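Visitor: I have a structure open and would enjoy a guided look at some of its details. Could you walk me through it?

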Amino acid sequence: MPNSAPNISDDLVQLGRPEREDGRHVNLPLELGSTIVFDTLAEFEAARDARYDSGTMYYGRYGNAATFKLETLLARLEKADAVTLTSSGVAAITMAILTFARPGAHLLVADHVYGNTRGFCETVLKRMGVEIEYFNPMIGAGISELLRDTTCAVMFEAPGSGTFEVPDIPAIAKAAHAANVPSILDSTWATPIFCQPITLGVDVIVASMSKYLSGHSDCMMGMIASTAQYAQDIRKTTMAIGDKTGGQEVFLALRGLRTLKMRMEHFDKAGRDMAQWFADQPQVKTVLHPAFKDCPGHANWLRDFSGASGLFGVVFHPCSDDQIRTFVDALHHFGIGVSWGGYESLVLPVTPQRSAGTWTQSGQLVRFNIGLEDLDTLKADLTAALPHLNTLSE
Ligand SMILES: Cc1ncc(COP(=O)(O)O)c(C=O)c1O
């Protein structure tokens, strides 16, 4: 295996594979296990001392050879110093925040974060005595006015869940950095194919690998990528809590990642095509997609991202809840379900939860995940269902 592959395409194909030797499988075998045994007590003790280093075989919960290869591949894709795998995207978010949170601390959270991130803040963190302040994600460098001596981290997302505004990542990261406060960005939507937040100054990236990174709706996993400064603390928190990534998930994630770039290139084109198609329908009030000029933060997206994934929002002109239900139920090629980033198209009405008054649109918001189906099939399905929305243009 070359040490230094020249680009992402080569890394996705070459890294995390079996060592070169005669007669080997293309892929790593499924690696399962709890106890790891040593020949001498001295070897065991050396492993125990180094158990927080990715690559040290100590005990199954700390990872195995396949886990470490996946972490190395992800770190390379994210241009991060280290990656710790977690059992889900939510676990990645909560472990990253818990690394920095403590009673009496103040946590800044972008108003448009994923619902479970907000849920964690409102329950566990508040119970721990952490003060949560939600900020307008479009605040940019203005975040510096909200930073306090007690601020333990800035948690944000790009683009926002459900509403797709794109924050000024470098401005927020820079202001946090200047105050010695770690910035944590949920970058699930873009994947490292379209954005590498560490290169924009972010300290910690969290992502759900259950979505595009594994890509086939058959794997629950998350990852925390960071600079060297925070890597050990993150790993220690994750291990202390006992979070663990299963061997089968590691196998599936490695397999899914091989095709990440070509899948994302497809979703970029297909998502924009479908979003534009929606924009031309009379029932549609607005489309929430970072590549659209009227999307808040479009200029940030143009500057910091090299593409868009296939997840976007559509705001329909006001209509009844029953009409939305009939429309969604009438779709045959869009599954109704949470999550996204697999090969199949999905639909879900969403109600943004906001505390800082950053969602003021009237109308019904529906989120679409475009999969790998033929786009004419998807358009025909939608064309047949849209007349159920007897909308009133405002
Ligand atoms: C932006 C974002 N981050 C994290 C998650 C959580 O990921 P998981 O389902 O793997 O826990 C989700 C899930 O929908 C999400 O949309």
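Predicted model: local features only at pLDDT ≥ 70, side-chain atom pairs only at ≥ 80, totals over all residues.

Visitor: Which residues of helix 10 meet helix 13, and which residues in helix 13 do they meet?

Guide: On the side of helix 10, the residues are A270, D273, M274, W277 and F278. By class, the contact has 7 nonpolar, 1 polar and 2 charged residues. The partners in helix 13 are L375, L378, K379, L382 and T383.

Visitor: Is helix 10 roughly parallel or roughly antiparallel to helix 13?

Guide: Let's start from the geometry: helix 10 (residues 260-279) packs against helix 13 (residues 375-385) at an angle of about 25°, and the axes lie 11 Å apart. Angles under 35 degrees count as roughly parallel. Helix 10 is therefore, relative to helix 13, roughly parallel.

Visitor: What is the hand of the crossing of helix 10 and helix 13?

Guide: This one goes with the packing angle of about 25° between the two helices. The crossing of helix 10 and helix 13 is right-handed.

Visitor: Is F194 buried or exposed?

Guide: F194 lies in helix 7 (residues 191-194). Leaving aside neighbours within four places in sequence, its contacts include M264 and D268, both of which are among the buried residues of helix 10. The relative accessible area of F194 is 6%, and under 20% counts as buried. So the answer for F194 is buried.

Visitor: And is N300 buried or exposed?

Guide: N300 sits in helix 11 (residues 298-304). Beyond neighbours within four places in sequence, N300 is in contact with M138, V166, P167, D168 and F305. Because its relative accessibility is 12%, N300 counts as buried.

Visitor: Which residues does a cis peptide bond join?

Guide: Look in the loop between strand 4 (151-157) and helix 6 (169-178), where P159 has its place. Omega is about -10° for this cis bond, and the residues joined are A158 and P159.

Visitor: What is phi of S339?

Guide: S339 is in the loop between strand 10 (335-336) and strand 11 (346-349). At 25% relative accessibility, S339 counts as partly exposed. Its phi is positive although the residue is other than glycine, with a value near 70°.

Notes
Residues numbered from 1 in each chain as written. Heavy atoms only, no water. Axes fitted to C-alpha atoms, helices over the stretch in contact; angles between N-to-C directions. Helix = DSSP H or I, 4+ residues; strand = E, 2+ residues; numbered from the N terminus. Parallel < 35°, antiparallel > 145°, perpendicular 65-115°, else oblique. Left-handed = near helix turned anticlockwise from the far one by under 90°. Contact = heavy atoms within 4.5 Å. Nonpolar A, V, L, I, M, F, W, Y, C, P; charged D, E, K, R; others polar. Buried < 20%, exposed > 50% of the residue type's maximum accessible area, 1.4 Å probe, protein only.
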